[in-house]
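Q: Before we look at the model together, could you take me through how its strands and its chain contact are to be read?

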Amino acid sequence: MKNISGKLKSDLKELKKLLPAEDILTFEFSSERGLEFALVYADPISDKELLGEQVIKPLIKYEGEKKAKDIGEKLASPELRTEKSFEKLTAEILAGNPVLLWEGADEAIVAGTKKVFVRAIAEPSTDVVVKGPREGFIEDVKINTSLVRRRFKTGELKMDMVEVGRRSKTVVAVCYLDGISKPAAVEEVKKKLNSIDIDYVPDSSYLTHFLASRPFSLVKQVGTTEKPDIFCAKIAEGRVGLLVDGSPIALTVPYLLIEDFQSSEDYFVPPYRATFTRLLRLFALIVAIYLPAFYVAAQLFKLQLFPVKLLLTIAGSIRDIPFSPSLEMLLVLLVLEVLNEASIRMPKYVGMALSVVGALVLGETAVSAGFVSTPAIIIIAFSGIGLYAVPNLIEQTSVLRLVMLLVAGSVGTYGIVLVTAFVILYLVTTENFGAPLVAPFSPFVAHDLRDSLVKYNLGSLPTRPELLKSPNKRRLK
Amino acid sequence: MNKISARQIYFFLACVAPVGKLILLPAQLANFSKNDLLFPLLAHILLQAAAVFCVLLLSKKGQTLYDLMENAFGKIAAKILAGVFALFLLFAALLPILEQKLFVQNVFYDTLPTVVSFSPYFLFAAFLCAKPLGGFGRTWDILAPLAIVGLAGILLLSAPSADFGALAPAGAAGGAGFLQGARSGFAWFYDAALLIPMLGHIEYREGMAWKGALFYLLGGAFVLLFFATFYGIFQETAVNQLFAFSATSKYYEGVTTLGRIDYVFIYALALVMAFYCALPVQGSIECTLQACGRKKYLPTVLGILLSAVLFALSLILDYKFADVLQAISGTVFWLFPVFCLAVPALMLLFLIKGGRRETA
């Protein structure tokens, strides 16, 4: 694409041709000595106040040469660049940086007076802690990188900027610690990002599809977090992090399944407590997935699984239910999913009413009317709560629970065993960025078990996880 | 991911392999050897441990079965031998799969027809066979603790009900009882043969051969303990208890208040068994791939094909299990010692003769 000509009218005409949108404005003015200037900027995303203070005011009294260097020295903006090609100039205008042109210009000046709209840094609603830092990422990549930079006061922290998206030109910051992250993993991340040919990236979740080795997989292959402290801890272990402009959710690779059973709080409480809560999360998840399925399978195919007294109670409560056990459980599960979905989307004041409707009308009344039995409601309620013990896996585990329930209703307990076998085989053969998904359990890496489901004391974790193959293994001396 | 580590091999030998012996074999041995059932079992375990030693010693060369045969006998002979071995493994897969089918039908279901209940297994088998061998190694990392929990749980719930005095006096069944028991048990001991297709994929470690044999003996000790408990509980009626590991624990006193809590362990073992029973099929595919060359979709196609064949056989032989059992463990039992004991020993012997002996 061609460069600016130095003829102001002609250059403005060319820019207008390239950017015909109505929100791209031009402000023309002259210095007291008669030199003509023009500022081209994207109205909604350029800070006009800053522009007036830092660019227009100093230039009104400009008396020097027409060279970009001389003009630049007069401007009060700390962030200035010069560009010649129209392609780069249009990109800067669209990014919110106004472009200054003048009659006889050899280069145009780009002023970094972008208007920044950001919400306040707050605790992420998906990752609430009682102890530990409460900061969360927001949608602006610059603020997010500053949150990371604040935690690593070292030149080893690298933040390589990559643009993704033909039209959105979304900035992705690839963050890693030089000498600690495996160089091959950093290169692979950049290679994958550069190979993405998509027009628009609205959120970091779009990138996970391209970073995964099995893009159509049901299981997650890229780690996610909304908290800078977790993000930095993962980088310090040797992972590579990605901050995507416009998304509060940061990505980390390689990802291990066990990461989602760990909470940042585990590192701020005594190790025995952390171990207990991690095991509790696993237990809750297993029960949440299997309990509805086994309840149905036991009713349909294997009543012996129930203790005698419990069997009598269940028999009493299901006697008048018009549906088969599997259909009954499926209906209750679907109602729960609908309530869950609706309560997330509803405005807060309606959400309260919805909870009352869900709990009283659908629960109490459905039981009284004899549509569903009390044990089914209890089991689904427990299962629903249990899934949220590991909130980052909710998309996967809720599908798995449904699959288990369908299989249990049709093939019974052996079906559940086989689906489990499928899942095990699928998980153990999945790996991404050279790390097996279910490590350190398979392949078994004894060293890394110290911070897996069990949590050792900090003093017993002097080295980084072996699985991440960091060139610098020791983190505690 | 196509490599199997030494640790994974040990896990397989100590924890996964014993699970394949817990359904029909106890009743089978009790039928022929009565209270002396532990002796033929011990003989099989010792022989298999020796065969495992041979195979793991061979793994030091880092060559596949096909490569070893090709170096020794040439390309054509290697293809034929690998093909024959593949056929044997497919044949060896038949009994455990039929046995498992019978087990699932009788233990897990009171109402569902076996065609519905067990058919999905063949989908799983096909899926499993399409995976690389290293995937198997990784499953053993997960299955080993499950097998330990399952076996330990069953033993803990069963042992209080057992009268171990029923195993005395030793030798009551005589030599004939021992020989008949030993002969009928061959069809369940093919673990060394399962390792042969993995040659070339095993990451050899110093001392792996004898350690492997020791781990197999450790797993064998579990099996011996289970058989002793089984006979201690059922004694003369043991011969009628076809699904041994689901039967021994049901006399646990807590069943009345807790329900069949032992099913937790039974399901854990059934899960391990699902993988174990598909191993010969996977081994058969691996031998075929070595002989025919690896093409992109060949493992998947072979996995589907062989699983379909086994599914068809399971339907055809649905009501003829007793005949199949009689044929495999009686008429053609000799196939097992030939392929599972003689072949590893001969392969090792051949390499020793060729001046290529390696220390364990």
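A: Two strands are said to pair if DSSP finds at least two bridges between them, where strands (E, at least two residues) and helices (H or I, at least four) are DSSP runs numbered from the N terminus. In this predicted model, local features need pLDDT of at least 70 and side-chain atom pairs count only at pLDDT 80 or more, while totals for chains, interfaces and linings use all residues. Residues are numbered from 1 along each chain as its sequence is written, with chains lettered from A and ligands numbered from 1 in the order in which they are written.

Q: Which residue is the bridge partner of Val164(A) in β7(A)?
A: Strands of a sheet pair through backbone hydrogen bonds, either parallel or antiparallel. Here Val164(A) has Thr170(A) as its bridge partner, and β6 (157-164) and β7 (170-177) of chain A pair in the antiparallel sense over 8 bridges. Between these strands the hairpin has 5 residues, and Gly165(A) takes a positive phi near 105 degrees.

Q: In what order do the 5 strands of the open sheet in chain A stand?
A: The order is β1-β2-β4-β5-β3, with antiparallel pairing. Because β1 (24-30) and β3 (80-83) of chain A stand at the edges with a single partner strand each, one side of each is left without a neighbour in the sheet.
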